[in-house]
Amino acid sequence: MTTSGTLRSDVAEVAPELTDLRHRLHRAPEIGLQLPRTQETLLEALGDLGLELTLGQSVTSITGVLRGGRSTGTAVLLRADMDALPVQERSGEPFSSEIDGAMHACGHDLHMSALVASAGIMARSKDAWHGTLMLIGQPAEETISGAAAMVQGGLFTRFPRPDVVLALHVGNELPAGKVGIVPGIYNTNADSLRITIYGKGGHGSAPHTTVDPIVTAARTILALQTISSREVKPGELAVITVGYINAGTKNNIIPDQAELGLTVRTYKAEVRKQVLAAITRITNAEAQAAGAPRAPSIDRYEMTDAVYNDPALAQQLRSALESTLSKDNVIMTAPITASEDFSAFIAQGIPGFYLSLGGANPEQYAAATAAGTHLPSNHSALFAPAVDPALHTAIAAEVGMLRSLLKADGRT
Ligand code: ZN
Ligand code: ZN
């Protein structure tokens with residue numbers, strides 16, 4: 001039997017149990033750094049596989065270490081994110097969220113289930129591979145703070161330092177059954193900004209006695225949109241979105257201040273620097289032009305670097321994935337504009353690889369593509385990946401990559 005044939009039967013064997021685990025996780029989503037129920041579910045699922053399990057101290061992470069037949073060799077870290085989103089689920093799935101205002105709308109329930117399955121398959125075949133496997137459950141990916149918290153908590157000092165870090169993410173950009181590879185820059189640098197524009201409040205009937213921060217905010221928003229169209233070199237990615245504006249309480253009161261919330265996405269470090277500097281320059285200049293009583297405050301409160309897929313590693317894993325999933329199911333794709341704190345692990349000087357996992361129902365995907373429309377994306381209240389075959393593909397892809405890196409002898 002070929003490696004992929006053996007693997008297929010391994011996956012088929014664990015799939016029903018893992019689908020059940022995924023449904024349980026999906027029903028009970030938790031948000032942020034503290035996910036005690038999710039941590040407990042993972043601990044229980046990984047409990048009897050023979051891993052050395054450690055729970056996070058300040059955050060609800062979980063780290064499992066598994067050693068192969070000979071523990072000398074490569075150390076590989078495989079990460080699954082654990083957190084959900086503040087979204088009211090409307091997917092209609094029979095296992096929909098039972099928590100009001102929270103939903104696994106980014107598919108992290110599927111990532112955790114795949115990690116547990118891969119852990120089981122690797123544990124049962126540990127005599128056939130060499131090296132050290134580290135499996136981690138990471139909270140707070142959505143607030144891009146969990147990876148950094150785990151690094152600060154000693155992930156690479158209390159446990160074996162990995163030679164390679166791996167992760168995958170499900171999405172509707174590809175049909176379920178397929179995976180996508182992007183060598184080099186995979187996604188964007190992300191920066192969250194909170195800008196407060198100060199004015200001078202007063203009566204809505206007497207604007208001449210005030211400095212209206214809403215008008216300044218409006219001018220600022222429009223001027224910010226000229227950064228990507230007029231300042232950044234055409235072809236370079238720079239997305240500047242003002243996601244909210246908060247100002248005022250009543251139609252006939254001019255308020256004292258206005259707050260803008262921005263997300264900024266770029267691929268290249270130099271473009272990121274240019275865009276952030278331009279935002280500061282324009283925001284200050286618009287306030288000055290309006291005669292604001294003081295300069296705006298610009299608070300950069302969440303940020304993450306782009307994930308960089310090591311090209312040589314991507315090439316090696318592409319071959320491993322092609323032999324595991326078949327050539328047709330491994331697609332070379334383009335970088336995406338979302339962001340990820342997986343880059344915090346790579347920033348420690350460790351080569352990384354981040355795989356795109358197809359999640360779309362193949363028929364619905366084909367129909368949407370033919371109609372020029374899109375299926376509900378990650379973070380949508382309607383997000384519902386086709387778990388079979390997406391989960392099966394995730395497990396096969398993870399085990400295929402791990403066996404390639406951990407020099408498995410091809411038999412289980
Ligand atoms: Zn996600
Ligand atoms: Zn997400």
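**Briefing: a core, a strand and a zinc site**

F353 touches V165, L166, A167, I181, N309, L313, A314, L317, L321, F342 and M401, leaving aside residues up to four places away in sequence, where contact means heavy atoms within 4.5 Å. The model is predicted, so local features need pLDDT of at least 70 and side-chain atom pairs count only at pLDDT 80 or more, while totals for chains, interfaces and linings use all residues. Residues are numbered from 1 along each chain as its sequence is written, chains are lettered from A and ligands numbered from 1 in the order in which they are written, and side-chain values use heavy atoms, with hydrogens and water left out.

**Nonpolar cores**

- F353 is among the residues with the most contacts inside the largest nonpolar core, which has 60 residues, and L166, L321, L355 and I395 are the others named.
- A nonpolar core is a set of buried Ala, Val, Leu, Ile, Met, Phe, Trp, Tyr and Cys residues joined through side-chain atoms within 4.5 Å, and buried means under 20% relative accessible area, with exposed over 50% and partly exposed in between (1.4 Å probe, protein chains only).
- Helix α10 (residues 387-405) gives the most to this core, with 11 residues; helices (H or I, at least four residues) and strands (E, at least two) are DSSP runs, numbered from the N terminus.
- A second, separate core of 21 residues includes L77, M150, A167 and V182.

**Strand β16**

- Because 9 of the 9 residues of strand β16 (residues 352-360) are buried, this strand is largely enclosed by the rest of the structure.
- From β16, F353, L355, L357 and G359 point one way and G352, Y354, S356, G358 and A360 the other, and all are buried.
- Two strands pair if DSSP finds at least two bridges between them; β5 and β16 do so in the parallel sense over 8 bridges, with L166 standing opposite F353.
- Strand β6 (residues 179-181) pairs with β16 in the antiparallel sense over 2 bridges, and here G180 stands opposite S356.

**Zinc site**

- C106, in the loop between β3 (70-81) and α3 (108-124), and H169, in strand β5 (residues 164-175), are 63 residues apart, so that the pair links distant parts of the chain.
- Both C106 and H169 are buried.
- C106 coordinates both the zinc ion (ligand 1) and the zinc ion (ligand 2), which are 3.0 Å apart.

Definitions and conventions: Donors are N, O and S atoms within 2.8 Å of the metal (3.2 Å for Na, K and Ca); water is not among the atoms, so sites may look incomplete.
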